[in-house]
Amino acid sequence: MWRRLRSFLRGLRGSPAAALPAMERAVVRCVPSEPKLSLRFVLPDGSARHMQRDQAEPLGRALARIATNAAKGPGKAGKKSKKARAEAEAEAAEAVPVPAVRLFSREGAAVPEEVPNAAAWQDGAVLHIGPARYRVERNPPALTELRLPRSLLAGFPVCPKVSAEFAAPQHCLFRWFREQRPAGGGAAAWVEAAAAGRVFTPPTALVGLRLKLRCTPGDGGQRYGPAREVESCGPVEAGPGACTFDGRHLYTGRVCGHGSVRAVTYNILADTYAQTEFSRTVLYPYCAPYALEIDYRQNLLKKELAGYSADLICLQEVDKSVFVDSLAPALDAFGLEGLFKIKEKQHEGLATFYRRDKFSLLSQHDIAFSEALLGEPLHKELCDQLAKYPLVQEKVLQRSSVLQVSVLQSTTDPSRKLCVANTHLYWHPKGGNIRLIQIAVALSHIKHVACDLYPSIPVIFCGDFNSTPSSGTYSFISSGAIAEDHEDWVSNGEEERCSMALSHPFKLLSACGEPAYTNYVGGFHGCLDYIFIDKNALEVEQVIPLPSHEEVTAHQALPSVSHPSDHIALICDLKWK
């Protein structure tokens, strides 16, 4: 890639515009949705100029303003009144000759002064300011953010957060450097690491040393912008050794073929819950405090998720900041596009990732259960029934639970579409009646998407359902109906009885069966998480084995130094029938 960049730069030097002496850059930023464009250049005396001009303004006015600016010289103007500025400019014009300012197209023709700025300032044009020449670079690739994670562990992938304008991270060039400390002391130097690429996994030999990244933004063609560098806050630290997911990665080393879909569901334990005093002292007292820190857990999460080589990943309890700053950039580097749905009044929500070279996103249909129940005609019958039970209705409407629904289309076979749903139901052990209402709303909404909007497309329904296989919720999803006398309608006592007969049209199967547990903490273990599939359209190719009981309990329970959550990911390979 670097050879390609050097070749490109040599090509620029050989172009007609580059043949002009002392060719400098005039950087133009022009976005159609904004009323003004910006122009930056440096005059021969070293003074920088940054101008904002209306896009619709005739070029002649902008050139006249450039000429006036150039005549001012390098002096820094303070705040002045409009009258004072006009007088100062008049004096400057008398004292310093105003240079001739012209703009020439890439082909060498003078651009007419009546042409609007937006059309005049084209890439490759040449700006003349007196004897100085400037090559116009319109909307060149530029980095707006470059950041490394705060915690670096040997053996775990380091994925920078890269934000760019007129560029894409996958087209940027990355060079990694490691710190080298002189044997006799003194200032450390930087030595280029052996591996280059967007993701760098530091080996054990780099423990105790800092990392530096140099990124050059590119747009996928032959245009590159100025490089930026960022150094890590601290050194690479030793990793935890064997992790619970290492053995699982042996089954998922490669992305499965285009006829198959690898799906993952995983409650990753939100930082907003892990960092409470209650969590540290009551829920997870057995977990080392540093292993509950989000910076540490993110290292494990990114390695675990990347190693599954999944096509679909449905996550629950995703902190908004973790999605934006960590998971989305990291999984993007591994070819996955992320979608996020936050819970109202919360700092966490749901995330769905899909593999870009296998699927494209057709549409999103996310809802909050309480809002949908009250506001959508689709749920009016259920809402009217619920109104007969005001205590239960109040609790249902207080909940902030959401449903994420994404319709995906195969990139290789457009006839193949998927309705991917993701949710996290109410958690309370006595909330079985609340969960039944929530899942009824969810299945009604999924029916609207998968039967009405996109007739007969297969459904994959993932999530933390907070329901064991013996629960009414699991029975309702699996059998298609729930009787009005089911015991879960009185899960919180007779005073909150809520009796309804409900049904749904889907034939759903738990793709990973009914594991002994998917949640394992000090005071509880049980199966709460599922990947439900439309068994009329999809079948299971393989279920990736869960970690052994010995691995799960190696540090008493979850989370631990070798496992980042109190839940365990479920993974399976599916194929169309």
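**Stop one: the cavity**

Select His258, Ser260, Val261, Lys358, Phe359, Ser410 and Trp576: together they line the largest cavity. This is a predicted model, where local features need pLDDT of at least 70, side-chain atom pairs count only at pLDDT 80 or more, and totals for chains, interfaces and linings use all residues. Residues are numbered from 1 along each chain as its sequence is written, and side-chain values use heavy atoms, with hydrogens and water left out.

A cavity here is a set of points, on a 1 Å grid over the protein atoms alone, where a 1.4 Å probe fits but cannot get out; lining residues have an atom within 4 Å of a point. The largest cavity holds about 40 Å³ of space, a volume being the space filled by probe spheres set on the points.

**Stop two: salt bridges**

Now pick Asp123 and Arg223, whose side chains form a salt bridge (3.0 Å, N to O); the term means a side-chain nitrogen of Lys or Arg within 4 Å of a carboxyl oxygen of Asp or Glu. Asp123 sits in the loop between α4 (117-120) and β5 (126-129) and Arg223 in the loop between β11 (211-216) and β12 (228-231), so the pair ties together parts 100 residues apart in sequence.

Next, go to Arg150 and Asp295, another salt bridge (3.3 Å, N to O). Arg150 is exposed, with a relative accessible area of 62%; exposed means over 50% (1.4 Å probe, protein chains only).

Conventions
1 Å grid on protein atoms, 1.4 Å probe; cavity = no way out; pocket = protein on both sides within 12 Å on 5 of 7 lines; lining within 4 Å. Helix = DSSP H or I, 4+ residues; strand = E, 2+ residues; numbered from the N terminus. Buried < 20%, exposed > 50% of the residue type's maximum accessible area, 1.4 Å probe, protein only.
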